[in-house]
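Work through the following exercises with the sequence and the model side by side. Try each task before reading its solution.

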Amino acid sequence: MPELPEVELTRRRLELDLVGKRIERVEARIGKLRLPIPGELASTLPGRTIRAVGRRGKYLLFDCEAGWLIIHLGMTGFLRFLAAPAQPGKHDHLDICLDGGSLLRFHDPRRFGTVAWTTNAPAGHPLLAGIGPEPLTAAFDGEYLFRVSRFRRVAIKEFIMNGTMVAGVGNIYANEALFRAAVRPSRPASSLTLRECELLALAIREVLEESIDQGSTYRVAEESVAYHPLAFAVYGRGKERCARCNGTLEEIRLGNRSSVYCPRCQQ
Ligand SMILES: [Zn+2]
């Protein structure tokens, strides 16, 4: 599943390719992904210029003058810019054809992706309205995390993976950030001190930024969303040695997700 760094890298890549391009036509080959593909795209988008490519959480936002195209990659979605037309493959469900013959193609074998359209400010769209602060902005810091976690008994790992608390922190980065902050994933959210919240907010920002930085020099493979440039300290490493103390990493289930931590380093 694409995590926030992959979505941000997709945004940066597409921004270079798409901004300033004029849309000539829209070809949707199926009627629905997770939600129906809006029918008005075919009539509204032609003649419009793509002005910007933004991101909110794991949603990509394409400013198309008349409104915003909102795309979520779901589990297996992949957006590719093609400089010249090419025959669509089996899972190439949507093409946004651009002037000069180039196109933006949405490929999604499992069809859990989302394509939506809004003529209002996208922040208020039902898909986006409940998303918490962006982890890479000043709106997300230790004081915020401390304040919203008071009286919350849910495990801190599940808490930071709740998109209404902070946008787009998936399982991989939650595991890594908790290790870096030396906080055990099963701790009740309310038990964290302000200092621990500061360390955790910083760790979340660091693991995401490092992943984005490393990925910016990495060419995302065609039709591949399996992109994880960080060398993981704990994720997927249950029963292996802790790189910090040489103890044994433990794996538990929290909210039905695998959680790996070091019992010595994370309290
Ligand atoms: Zn350790």
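**Exercise 1. The metal site**

Which protein donors hold the zinc ion, and how far from it do they lie?

Solution. Keep in mind from the start that this is a predicted model. Begin at the zinc ion and list its protein donors, which are the SG atoms of Cys-242, Cys-245, Cys-262 and Cys-265, lying 2.2 to 2.4 Å from the ion. Next, examine the angles among the four donor atoms, which run from 102 to 113°. Four donors count as tetrahedral if all angles lie between 85 and 135 degrees, and the site of the zinc ion is therefore tetrahedral. For comparison, the ideal angle for four tetrahedral donors is 109.5 degrees.

Then turn to the sequence, where the donors follow the spacing C-x2-C-x16-C-x2-C.

**Exercise 2. Helix 1 against helix 6**

Describe how helix 1 and helix 6 cross, and name the residues that make the contact.

Solution. First locate helix 1 at residues 4-18 and helix 6 at residues 194-215, and note that their axes come within 9 Å and cross at roughly 45°. That angle makes helix 1 oblique to helix 6, and the crossing is right-handed. Helix 1 contributes Leu-4, Pro-5, Glu-8, Leu-9 and Arg-12 to the contact, while helix 6 contributes Leu-208, Ser-211, Ile-212 and Gly-215. Sorted by class, the residues of this contact are five nonpolar, two polar and two charged.

**Exercise 3. Helix 5 against helix 6**

Carry out the analysis for helix 5 and helix 6.

Solution. The axes of helix 5 (residues 171-181) and helix 6 come within 8 Å and cross at roughly 125°, which makes helix 5 oblique to helix 6. The crossing of helix 5 and helix 6 is right-handed. Among the residues that meet here are Tyr-173, Ala-177 and Leu-178 from helix 5, and Leu-200, Ala-203 and Val-207 from helix 6. By class, the contact has ten nonpolar, one polar and four charged residues.

**Exercise 4. A residue in the loop**

Where does Ala-233 lie, and which residues does Ala-233 touch, not counting those up to four places away in sequence?

Solution. Ala-233 is found in the loop between helix 6 and strand 9. Leaving out residues up to four places away in sequence, Ala-233 touches Glu-176, Phe-179 and Leu-249.

Definitions and conventions
Residues are numbered from 1 along each chain as its sequence is written. This is a predicted model: local features need pLDDT of at least 70, side-chain atom pairs count only at pLDDT 80 or more; totals for chains, interfaces and linings use all residues. Side-chain values use heavy atoms; hydrogens and water are left out. Axes are lines fitted to C-alpha atoms, for helices over the stretch in contact, and angles run from 0 to 180 degrees between N-to-C directions. Helices (H or I, at least four residues) and strands (E, at least two) are DSSP runs, numbered from the N terminus. Angles under 35 degrees count as roughly parallel, over 145 as roughly antiparallel, 65 to 115 as roughly perpendicular and the rest as oblique. A crossing is left-handed if the near helix is turned anticlockwise from the far one by less than a right angle, and right-handed if clockwise. Contact means heavy atoms within 4.5 Å. Ala, Val, Leu, Ile, Met, Phe, Trp, Tyr, Cys and Pro count as nonpolar, Asp, Glu, Lys and Arg as charged, and the others, Gly among them, as polar. Donors are N, O and S atoms within 2.8 Å of the metal (3.2 Å for Na, K and Ca); water is not among the atoms, so sites may look incomplete. Four donors count as tetrahedral if all angles lie between 85 and 135 degrees; four count as square planar and six as octahedral if opposite donors are over 155 degrees apart and all others between 65 and 115; anything else is irregular.
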